[in-house]
Amino acid sequence: MKNNLSVGYSSDELSAEACSFAERHNLACTGTDSASSELLLNFTPDYIELRDLSTNTSIHVDFISGALEHRRKYGGGRGQTIARAIGLKQGTTPPSVIDATAGLGKDAFVFACLGCSVTLLERSPIIGRLVEDAISRASHDEHFNQFIEHGFSLIQGNAIDYLTQLDETRRPEVIYLDPMYPERKKSASVKKNMQILQKLLGHDEDTDQLLDAALGCATKRVVVKRPKGAESLSEKKPSISYESKKTRYDTYIIQHA
Ligand SMILES: C[S@@+](CC[C@H](N)C(=O)[O-])C[C@H]1O[C@@H](n2cnc3c(N)ncnc32)[C@H](O)[C@@H]1O
C-alpha cells in the first residue's frame with residue numbers, strides 16, 4: 001500500500017474508531033480538516049468514505065440505494081452477460097461463488113442478487129473496511145437481507161493464500177477475478193471509483209499466480225473480467241468468452257479427470 005493515505009474523522013465521536021483502525025494499519029490519524037495526505041479514509045456519521053483530497057472526490061459503498069439498487073431492480077437477471085459467464089441457466093441452482101478480487105463489491109452483489117452464495121476476498125484493508133461498513137449499514141434493510149440469504153461474507157486477506165489453502169470440502173463452484181490492470185491509455189472515461197482505486201492500489205502484479213490458484217480451486221469454472229480487446233490473463237486461452245458492450249468475461253471450464 002502506498003503511504004499517501006491517512007485516516008480521518010468528521011466528528012469527534014468517531015475519533016476512537018478511526019484512530020484504532022489507523023493504529024492497526026500503521027497509518028496517521030487526523031481530523032478531516034488537518035489531513036495532509038493525498039487520500040483519506042474518512043469516518044463520517046453516514047458512512048466511511050475514501051476521499052481524494054487532491055480532486056475533492058470520494059467513494060463509498062452502498063448496497064441499498066444508488067447504482068447497485070438500480071442494477072438489482074433492472075439489471076437483466078439471468079440473461080445478463082455476467083450471469084451467463086458464471087454458468088447460470090434457467091431452472092438450475094445458482095452456483096457458489098468466491099469473488100477473489102472483491103474491490104467495492106459491485107459484481108459480488110450482482111451474484112448475490114442472482115441467488116448465489118458469495119464469499120468476497122479483498123486484500124486491501126482500506127477497501128475491505130469500506131465494504132464491511134456498507135454490509136453493516138445494509139444489514140437492517142429487508143431487501144438486502146433477502147438478496148444475501150444464501151451468504152455474502154467478506155474475508156480480508158490475499159486470495160492466493162486463501163485459495164491455495166482452502167479445504168477440499170469448501171471449494172466453490174465458481175471463482176471470479178477482476179484484477180486491477182494498468183490503464184493502456186489515460187482516458188477521461190475512467191470512472192471516479194477506478195481513479196481513486198488506482199491511486200490507492202496501483203495495479204495488481206500477481207494476477208498469473210491468482211489465476212493459477214483459482215484454476216486449482218474452483219470445481220466448475222473460473223471467470224476473469226477483462227476490458228474488451230485486452231489480452232487474456234497469463235495469455236491462457238479461455239474455454240469460452242462472453243462479451244458485453246465494454247467488457248469480456250474469459251471463462252475457464254474446469255475439466256475433471
Ligand atoms: C478492479 S477491483 C475489483 C472491482 C470489483 N469487481 C467490483 O465490482 O467492485 C480489484 C480488487 O481486487 C483486489 N485484489 C487483487 N488481487 C487480490 C488478491 N490476490 N487477493 C485479494 N484481493 C485482491 C484489489 O485490492 C482490488 O480491490
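Which polar atom lies 2.8 Å from the backbone nitrogen of Ile-253? I looked this up in a predicted model. I found a polar atom of the Ser-239 side chain at that distance.

**Entry 1: Ser-239**

I placed Ser-239 in the loop between β10 (221-227) and β11 (240-243). Ser-239 has 46% relative accessibility, so I noted it as partly exposed, the class between 20% and 50%. I then listed its contacts, leaving aside neighbours within four places in sequence. Ser-239 touches Thr-251, Tyr-252 and Ile-253.

**Entry 2: the ligand**

I turned to the ligand and its shell. I counted 19 residues around the ligand. Asp-107, Glu-122, Asn-158, Ala-159 and Asp-178 come nearest. By class, I noted eight nonpolar, five polar and six charged residues in the shell. I asked which elements supply at least two shell residues each. These are α4 (106-113), β7 (117-122) and α7 (159-165).

A backbone N or O atom of Asp-107 sits 2.9 Å from a ligand oxygen. For Gly-105, a backbone N or O atom is 3.3 Å from an oxygen of the ligand. Asn-158 uses its side chain: a polar atom there lies 2.9 Å from a ligand nitrogen. I also looked up how far the protein covers the ligand. On its own the ligand has 610 Å² of accessible area, and the protein covers 96% of that.

**Entry 3: aromatic rings**

I counted eight aromatic pairs. I followed two of them. Phe-63 and Phe-144 are stacked, at 5.8 Å centre to centre and 25 degrees between the planes. Phe-63 is in the loop between β5 (57-59) and α2 (66-74), and Phe-144 is in helix α6 (residues 142-147), so this pair ties together parts 81 residues apart in sequence.

Phe-109 belongs to helix α4 and Phe-144 to helix α6, so the pair joins parts 35 residues apart in sequence. I noted both Phe-109 and Phe-144 as buried. Last, I traced the cluster. Ring pairs link Phe-63, Phe-109, Phe-144 and Phe-152.

Terms used
Residues are numbered from 1 along each chain as its sequence is written. This is a predicted model: local features need pLDDT of at least 70, side-chain atom pairs count only at pLDDT 80 or more; totals for chains, interfaces and linings use all residues. Side-chain values use heavy atoms; hydrogens and water are left out. A residue is near a molecule or strand if one of its heavy atoms lies within 4 Å of it. A polar contact is a pair of N or O atoms within 3.5 Å; within protein, one must be able to donate a hydrogen and the other to accept it, and residues adjacent in sequence count only if both atoms are side-chain atoms. Accessible areas come from the Shrake-Rupley method with a 1.4 Å probe; for residues, only the protein chains shown count as cover. Helices (H or I, at least four residues) and strands (E, at least two) are DSSP runs, numbered from the N terminus. Ala, Val, Leu, Ile, Met, Phe, Trp, Tyr, Cys and Pro count as nonpolar, Asp, Glu, Lys and Arg as charged, and the others, Gly among them, as polar. Buried means under 20% relative accessible area, exposed over 50%, partly exposed in between (1.4 Å probe, protein chains only). Contact means heavy atoms within 4.5 Å. Rings of Phe, Tyr and Trp (its six-membered ring) pair if their centres lie within 6.5 Å; planes under 30 degrees apart count as stacked, over 60 as edge-to-face and the rest as tilted.
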